[in-house]
Amino acid sequence: MSWWQRLLRRKQMEEQLDRELRFHLDQHAADLAARGLSPDQARRQARLALGGEEQVKELCRDARGTRWLEDLWQDTRYASRTLRQRPSFAAVAILTLALGIGATTVMFTVINSVLLKPLAYPHSERLVALHVQTEKLGDTWGFSYPDFLDCRRDNRTLALLGAWTYGGGTVSQPGEPEYVDGRDISSELFSVLGVPLLKGRAFLPQEDQPAGRRVIIISYGFWQRRFGGNPEAIGTSLVFEGKPYTIVGIAPAGFQLEGEADVLTPLGQNTEVRTENRAARFIHLLGRLRPHVSLTEAQAEFAVLSSRLAKQYPRSNANLGMTTRPLRQELVGDVRPTLWMLLGSVGILLLIACANVASLLLARAVSRQRELAMRVALGAGRARLVRQCLTESAVLGLSGGVFGLLLAVLATHPFLALWPGSLPRADEVRLDWHVLFFALAVSLATGLLFGLAPALRAPHRELEHALRAAARTVSGGSRRLHSAFIISEIALAVVLLVSAGLLGRSLLRLSSLDPGLNVSNVLTAHVALSPSALATPTQARAAWQNFLERARRVPGVHSVALADIIPMRTGENVLGYSTTVVPPPANQAPLALASTVTPDYLRVMGIKLLHGRFFTNEDRLGSPAVVVIDENLARHAFGRTDLVGKQLWSRAFGPAPLQVIGVVGHVRHWGLADDEQSRVQDQLYYPFAQVPDHLLSLFSSFMSVAVRTDVAPLSVVEALRREERAASPDQTLYEPRTMQQLVSASLARQRFLLLLFGVFAGLALALACIGIYGVLSYLTSQRVPEMGVRMALGANAAEVLRLVLRQSLAMIFAGICAGALGALGAARIMLRLVPGIRPLEPATLLVMTSVLLIAALSASFLPARRASRVDPMNALRQE
Amino acid sequence: MSPAKSDLPQGTLDLLILKIAALGPVHGYGIAQRLQQISRDVVQVPQGSLYPALHRLENRGLLAADWKETETGREAKFYRLTRKGRAQLETETASWRRLSEAIGLILRIGEGSA
C-alpha cells in the first residue's frame, strides 16, 4: 500500500488494527486460562503484558508514516473551526488578502502573457527584428529596399530574412468600395515567422518582382466579412487600388504585423520611387536565425555588412549601423518598465495587506497565549504549536488566494480594456498554470509572512507565568512587533501616496502645457481619394483641389486644410537639413519633422505665426521653393527667430535652396508629455502644391484633412463623407478624430498610471488606517487597568488621550520618515520610466504625507478617546 | 517478571521478527510466543513494541500481511517475509554475527587479562 492509500483507507486500517490486537489479547488470555487462570485474571494479565492498548495503537499509527498528513488535516480543520468562530476577523483578513493577491495576480497574468511567454510562433526565440541605427537617428529606423535586397543576398547567419511595410488602399470589387489597411510583404515573410496560411499559399519568389503576377493574400477577418468564409474565394479576383488581383491565400485568424491588415500584397511589386532609394528607410525586417547561430554572431555579421554598404554607398549609408534584436523584445517595447512598475506597486499593496493581517493575528495570538500555554502544559511540543499557528495562517492565506484568484479572473479583462492605446500581445493574455502556480505561491508566501511572527511567539518557557498572568497584560516584545507592523504599513502607504501625488502633479502640469495649437473645434481624418482620380499628377492635383472646395461647402465648416501628418497622430516624416549649400556628411545632418500642408493649415490649427508669412496659393510648382520653419529650428539653425529670407538645404528636396518665408510656433507633435523627450525637436512645413509630380501619388496615399468648424467637430463628419462620396463613390474619410481627443490621448498613459496609483494609494491609505485603528484599539484595551491606575492617581482624561496619541504619533512619524526615503527612490524610478514626470517637489511630498498624517491621526483618535473615558473603578476591578 | 530476563538490544527486535517470519506465515501473537519459547524465556519481549515494529516492517515492504483463518477457526493477520525482507534478513544476520563475534572477542580478552 502506498502512503496515500494508507491515508485514504484510514478507517479500514483502524478497524484491522483493532481486530489484530483483539485477536492477540483473546489468544493470550485463552492460553493463560488453559494454564489454569480464571477468565478474568487471564484477561487482566494479557492486557498488562501488551502494555496499554491505546498506547500500542498510537505507536502503530506513527509507524504508518502518514502521521504528518493526519496532523496537517487536523490542524487545518482546527484552523477553519477557529476562523469560523470569529467570522468578522476572518472576513476582514480574507478580504484584505484577496484584494492584495487579486491585484498582484492580475498584474502577473498580464506580465506572464506579455513579457514572459514566448511568442506564438514556432521556435520564436530565433526570430529577430533588424534596424538601422545612427548616432543621430537612434536605432528605431527601418531599412531601405535596396539595403534589404543586399542583406538578404549576402547574410549567412539568418536562415530567412523577410520584409514588410505599411500599405493599404481602396478595395472596390467585389462589393462596396472600402478603404482597407494593408501590408506589402516579401515572399519569405510567412516562412520567417513559421506561420502556415489558413488556406491557399504564400507568395512565390517570382511573384515578389516588379513585373510579377498580381496576387494578394487576404486576412481572416476580411475573408469572413467580404466572402462569408467561403473557401471558393481563393482564385477569385479582387480589385485593389483600381487593379485586379488574384486571391492566392488567406492568412490565419489573428495574424498581425503591427496590427491586423486586411490585404497583403507582394513588396517586390511596389514600384514607388522610394523602393529604389537607398536613403528611404521604410522597410521593416524580420529574420530567423539559423540553428546554432547566436544573436551575437548575427549582430557581428550585420555590423560587417553595414560597414561594407557604407563604403559602397557613402551618400546614403555612411555612419549607418545595423542591429538585430530579439523579436519578443521588439514587440513588447516600452510597456516592460510600466508593467514591472505596476507589479511593484501592487506588491507594495500586498505587503501592506500582509502587515495588516499579521498585526490582527498577533493581537489574537497574544489573547490566545493562555490557550497555547495550556497546550504546552498538556504535552504539545513547541514545533507542533508553531506548525499549528502556521497552518492557521496558511489556511487564511489560501482562502485569500482563492478569492484573489477569482477577483483576478474577473478583473483581468476590464483591466486590459482600461489600458491606454493597445497593449502588445493583449489578445494572448490568459490565465494559465503559471498564473495558478504564482497565485498559490503568493498565497502561501503571504500566509507564511504574516503567520511567522505570531507563530514564533508561541509560548515555550515561563509557562507558569503565562498561565497565571491575566490575559490582559501585553509584553514589551509584542508591543514592539505591533509598532513595527504599523510603521512598515505607513511607510509603504507613503511610497504609494507620494507616487500618486507625483503623477497627479505631473499630469496637472502636462495638461496645462500649451500644445502650440488651438485644439478646440478641429476635426482631422484620413482621406482616401478614388484611385482613378490619382492616375496622373494633373488629375491628382485637381482631385485634391476639388476635395477642398467640396469640404468648404459643408455647413458648419470654417476652414479646411490638408496635411500629410497630423500632430499627436501616428505618422512621421523626418528629414535632414543644413544651412549651407555643402551638405554635412551623410546621416550627420540635423533633423526636422517635415510636414506638407495646404495654405489654410495655419488657420485651421491655430498655430501662431511669429515672423513673415505662411503659404498662399501662389506658392506652387514653378515658383521658388519655400518653407516655413518653427521657432526651434530657427533657434537651432540660426540662433534667432527673425530670419525671413534665409535659406535652407535638404537632400530630400534636391540641390536647390529653400527660401524661409515664415517662422511659426512650435507644436507639441509627439504628444504633450513625450514631445520634450523626442529626438526630433525641429519642425518645418512646405506647400503641398510644391510636392514634385513623381512623389504626388505616394503623398496622396497618406494625406489627412484638418477642418476647423463652427459647430461640434464630430457633427460634420457625415456631411463631409456624403460630399466626398458625391464626387466619386469610392473615396472616403476614415478614422475621424478631434484635436481635443488626440491631445487627451497623448496623456492617456500618464492618466492611466495616475488612475491606478490613485486607487492603489487610496487602498493603501485605507488599509493602513484600519491597521492603526485595530492595533491601537487592541493596545489600549490591554492597557485599560494601567489607565485606571493613572486616573486613580490623578491623571485627567486629556492627559490619557495625549498619552495614547503620543504613542501612535511616534509610530506614524517613524513610518513617514522611512516612507519618505522609499518615496524618493520610487520617484527616481518613475522619472526614468514615465515621460513628462518632473523630479519630486518638496510640496508634493509634504501634501501627500500630511494626507496620511491626518488619516492616521483620525484612525488613532477613536481608540485614544475610548481609553480616556475609562472609569477608574471598573478598570481597577478588572485587574 | 524475573530479574534473569534481559531487555532486547536496540534494533534487534526487527531482526528477530524477520527471522521468525522466515520460517513461515505467522500472526503477531504467534511471533510473541515463538520469541519467548525459542529464547527460553531469557529475552523479555516487549509486546507493546511488537506491533508497531510489525507495522513498520510491513510499510517498508519487508513483510507482507494477509488475513487468514487460524487452526482455531478465527481470522488473524498473518505476516510473511517478502523477497526484499529475505535480503534484509541475510544482510542483518551477517552483520549481527560479525558484531557479536567482535564483542565476544573483546570480552574474552578482557577476561584473559583480568
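## A helix pair in chain B

Helix H2(B) passes helix H3(B) in a right-handed crossing. This is a predicted model, so take the geometry below as that of a prediction. H2 of chain B covers residues 28–38 and H3 of chain B covers residues 47–59; their axes come within 10 Å and cross at roughly 125°. That angle makes H2(B) oblique to H3(B).

Who does the touching? On the H2(B) side, the contact is made by Gly28(B), Ile31(B) and Ala32(B). H3(B) answers with Gln47(B), Leu50(B), Tyr51(B) and Leu54(B). Sorted by class, the contact of H2(B) with H3(B) has five nonpolar residues and two polar ones, with no charged residues.

## Chain B as a whole

Stepping back from that pair, chain B has four helices and five strands. Read along the sequence, they follow the pattern β-α-β-α-β-α-β-β-α.

Chain B runs to 114 residues, and 26% of them count as buried. As for how the chain folds back on itself, take the contacts in chain B between residues at least 6 apart in sequence: 51% of these join residues at least 24 apart.

## Where chain A meets chain B

The contact between the two chains takes 19 residues from chain A and twelve residues from chain B. On the side of chain A that touches chain B, three helices of chain A give two or more residues: H2 (10–34), H3 (39–50) and H4 (53–63). Which of these elements gives the largest share? That would be H2(A), with seven residues.

## Two positive phi values in chain A

Most residues other than glycine have a negative phi. Chain A has a couple of spots worth a look on that score. One is His123(A), a residue other than glycine whose phi is positive, near 45°. His123(A) is found in the loop between helix H6 (87–116) and strand E1 (127–134) of chain A. Is His123(A) buried or exposed? With 12 other C-beta atoms within 10 Å, His123(A) is exposed.

Another is Asn521(A), also not a glycine, with a positive phi near 60°. Asn521(A) lies in the loop between helix H18 (476–511) and strand E12 (522–528) of chain A. Asn521(A) has 19 other C-beta atoms within 10 Å, so it counts as partly exposed.

Methods. Residues are numbered from 1 along each chain as its sequence is written. Chains are lettered from A and ligands numbered from 1 in the order in which they are written. This is a predicted model: local features need pLDDT of at least 70, side-chain atom pairs count only at pLDDT 80 or more; totals for chains, interfaces and linings use all residues. Axes are lines fitted to C-alpha atoms, for helices over the stretch in contact, and angles run from 0 to 180 degrees between N-to-C directions. Angles under 35 degrees count as roughly parallel, over 145 as roughly antiparallel, 65 to 115 as roughly perpendicular and the rest as oblique. A crossing is left-handed if the near helix is turned anticlockwise from the far one by less than a right angle, and right-handed if clockwise. Two residues are in contact if their C-beta atoms, placed from the backbone, lie within 7 Å. Ala, Val, Leu, Ile, Met, Phe, Trp, Tyr, Cys and Pro count as nonpolar, Asp, Glu, Lys and Arg as charged, and the others, Gly among them, as polar. A residue is buried if 20 or more other C-beta atoms lie within 10 Å of its own, exposed if 12 or fewer, and partly exposed in between; C-beta atoms are placed from the backbone.
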